[in-house]
Amino acid sequence: MPALTTSARIGAALSSDDVHKLKLDLEQSGDSLPAWRDALACADARLAEQFLAGAPVQDLVIRRACLVDCLLLHLWRQHCSSPGGPAALIAVGGYGRCQLHPGSDIDVMLLLDDAFPESEKSSLSTFLTCLWDLGLDIGHSVRTIGDCEREAAADSTIVTTLMETRLLAGPAGLLEALQVAISPDRMWPSDRFFAAKSKEQRARHRRYDDTAYKLEPNVKGSPGGLRDIQMIGWVARRHFGVGTFTDLVERKFLTPGQAHLLREGQAFLWRVRFGLHLLTGRREDRLLFDHQKSLAQMLGYEDASYTLAVEQLMQRYYRTVMELSRLNEMLLQQFEEAILLDPAATPEPLNERFQVKNGYLQTVDDEVFRRTPSALLEVFLLLQQHRELRGVSAYTVGLIKQNLHLIDEEFRQSPRNHRLFLNILRAPSGVTHELRRMNRYGVLGLYIPAFGRIVGRMQYDLFHAYTVDEHTLFVVSNLRRFALSRFDHEYPRCSPLMQSFKKPEIVYLAGLFHDIAKGRGGDHSELGAIDAETFCLEHGLSQYDARTVAWLVRNHLILSVTAQKKDISDPDVINEFATLVGDQAHLEYLYVLTVADVRGTNPKLWNSWKAQLFHDLYELTSRALRRGRENPIDREYLIGEKQAAAREILARSGVDPQTVDKIWGLLGEDYFLRCRREEIAWHTRILANHGTRPAQGFVEVRRQPDGDGIEATFYTPRTQRTFAHATAVIDELGMTIVDARIVPVAHDFSLDTYICMELDVRIEIDAVRIDKVRQNLARTLQKRDEQALTVTRPAPRQVRMFSTATEISFTQDPANRRTIMEIVAADRPGLLSTIGQTFIEAGVDIDTAKILTIGERAEDVFFITDENGDPLGDTVCSRLREQLQQKIDTENQ
């Protein structure tokens, strides 16, 4: 019997109108390959119509397999009806299970008797050639039973494939002999088979970063996907000799409820996969952004007030695979206990509710959770306290699931449960691990109902790499790494702060609640702050601590926004931020929360530049708080501090102090405010080497001394305006610009600094790469025309799936005599060059640029003046907005 497919369904499919119609078409088409191809295409089109009309996908995948059966048998009868020796046509793999999607591979094996004459193999070759000529995705093998036995004994994947076989034509005795040859008493007994398949699954999960919550998951291979369901069937078949869910229920290995969840989950994933194959016209198991919107529409989802149709589809997907992951984990552990462990082992009591058997925590009886509902939280605390435990026994996991209804309002208001939950957060180890387990088992979302609403919630963009619940747990995980001294080398700035907190649960709670109100409409920070304060007060935190958590949730974005969108070289910005933060304790909590949050949003977007930027803001704000509101930081204080530090660096490098004074006399106060001490020292050295009035200017490039980016500095006449050309070159080289500072200096020169990061993390920033960047940027110094270079590098596939409306706004900064322009647009290679070219045409000078890419969106801020160094007037702003809007929208078409 094919794994997980019942003979009744196969019988119904074989007698369906579709199969009868295909048989008739094939019989009437004679020997015409094009006619056979058309007949199958028409049959597939009818299946597609039935799918769109809502027919059960469980029937459609079987029906498609039966349609292929019909075609293959027709060809077999024509070419191999009387081979010179016994030969069997056997379906294997998914086709052997009688489960085919529109683009599935069709795997067949020609099983030959040892006596099959070599001279008669031509008829088999003709048969296979016909299959290829028909355009079928055929995977085939030609083997004897001896071949199968040798190869299966050496490879667990081959024996797995041969376990899923179905006779299409030929002697049944051949297939029966094969099954005997590969049976568990001959090879791969259930314990070895289980160990091999478990290792295989772990390796597969690692390929998907051990998470089912990627933005573009693989329906088949990702954790919780179809492969995990098949894994249960394979092990069951090897151990019990059966493979359907019904068989496993009868063996009391599955409960009826678990079997129902597996069937429902499989049907949903099949429907997604079937739809993907129809949309793409090929085998496509990845839920790419390219297809998610169209698939949501195909499956009948519609946009709602606060959630898009695609977000509803993906939330259903993520919740389904989360449930399937939990079932897979539990059932495989149940297999392990039955196959590898000692079922007669004597349990060791832990307390009056729990005991340990074979290293797993389990309840002393089936009624523990009903008698003591708080044990539903206690189980996680015990796992933290007893790190030697291997986990929770499969049976106890099932009991937890059966008793989740006990987590009601009375449960949530229980002081005992409040203490248990806070003790889990305060435990010295296992905090993240057990919170994840609580989420996987469904406990966390019931204990904090607001958290339950974000489980599986995705945001349809490229910035958020995970679902909201997975991101939240990554944030807490990052905070925990800060708290553990063994990770000090990873986070040398955050770790000392986190480890100094007397109440780390404050920032853990802020991490848990910071995004908890996503998807409700309104400001999620404000709504989440209300939830957080209520939860903290109910759990016995002091009013001060509860308000601190709520403040962190309400303001969790402010440090990131200030650092990345405002000019933190401006003392007024620092003083304003220090006033908002209020004191050092709030600043430290906010700093570690922000770093944990941004790193947990999308690891690919975290880099050394962001780390430096956040730390700079933290340090500057910390100094402002130490000085007090009555004595705020001023320009002279910051400049004096930086110059003193830079002089120390230059003295160690042997640069003459008089040379330093001469060069610094050319630079002006704005320069010293906007550059770091180490940058000032570097710029001073290169100006000392090149001179301060070169004919054409020069460019110098280096690897960031304290980061993983590239720093490029131009010293050129102001008329050269390097921004448009330099950003085009940097874009074309496959880098992204994260910061640009254009500082006018004496003799009508400009000192421009660009910080760039590699888009491809595999590229090593070595001397060869630095030299290539320098050579390409140096060519811009010879470019005399104002026309910007053309960027030919295409936008990434994912970015092209989104349409971002261009928004441009202006505000005035009279204190610094400049205008601030913020632009939101679709991110694409060449965007900055287009903006820079438009500035040239409009007579606009750039003072500073803060470049921020949020997934598919560019959110860039430019601090600009006119050619006389004055802020832009309203008329100029309007004209500039119109020019930029037209150019960007035209190039995005």
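**Exercise 1. Which residue pairs with D531 in a salt bridge, and what does the pair tie together?**

Step 1. Apply the rule: a salt bridge is a side-chain nitrogen of Lys or Arg within 4 Å of a carboxyl oxygen of Asp or Glu.
Step 2. The side chain of D531 meets that of R520, at 2.4 Å from N to O.
Step 3. D531 sits in helix α27 (residues 524–538), and R520 in the loop between α26 (505–513) and α27, so the pair ties together parts that are eleven residues apart in sequence. Helices (H or I, at least four residues) and strands (E, at least two) are DSSP runs, numbered from the N terminus.
Step 4. R520 has a relative accessible area of 28% and is partly exposed. Buried means under 20% relative accessible area, exposed over 50%, and partly exposed in between (1.4 Å probe, protein chains only).

This is a predicted model: local features need pLDDT of at least 70, side-chain atom pairs count only at pLDDT 80 or more, and totals for chains, interfaces and linings use all residues. Residues are numbered from 1 along each chain as its sequence is written, and side-chain values use heavy atoms, without hydrogens and water.

**Exercise 2. Are D813 and R818 buried or exposed? Which network of salt bridges includes them?**

Step 1. Find the pair. D813 forms a salt bridge with R818, with the closest N and O atoms 2.9 Å apart.
Step 2. Check both ends. D813 and R818 are both buried.
Step 3. Follow the links. The network of salt bridges joins D567, R674, D813, R818 and D847.
Step 4. Now look at E490 and R481, whose side chains meet in a salt bridge at 2.9 Å, N to O. E490 is partly exposed at 33% relative accessibility. R481 is partly exposed too, at 27%.
Step 5. Count by this rule: there are 54 salt bridges.

**Exercise 3. Which side chain of opposite charge is nearest to R480, and how far away is it?**

Step 1. Locate R480: helix α24, residues 468–483.
Step 2. Look for a partner. Lys and Arg count as positive and Asp and Glu as negative; His and the chain ends are not counted. R480 is buried yet has no salt bridge, and the nearest side chain of opposite charge, E505, is 9.2 Å away.
Step 3. List what R480 touches, leaving out residues up to four places away in sequence: A427, P428, S429, G430, V431, T432 and Y508. Contact means heavy atoms within 4.5 Å.
Step 4. Turn to α26. Its buried residues include E505 and Y508. Nine of the nine residues of α26 are buried, so this helix is largely enclosed by the rest of the structure.
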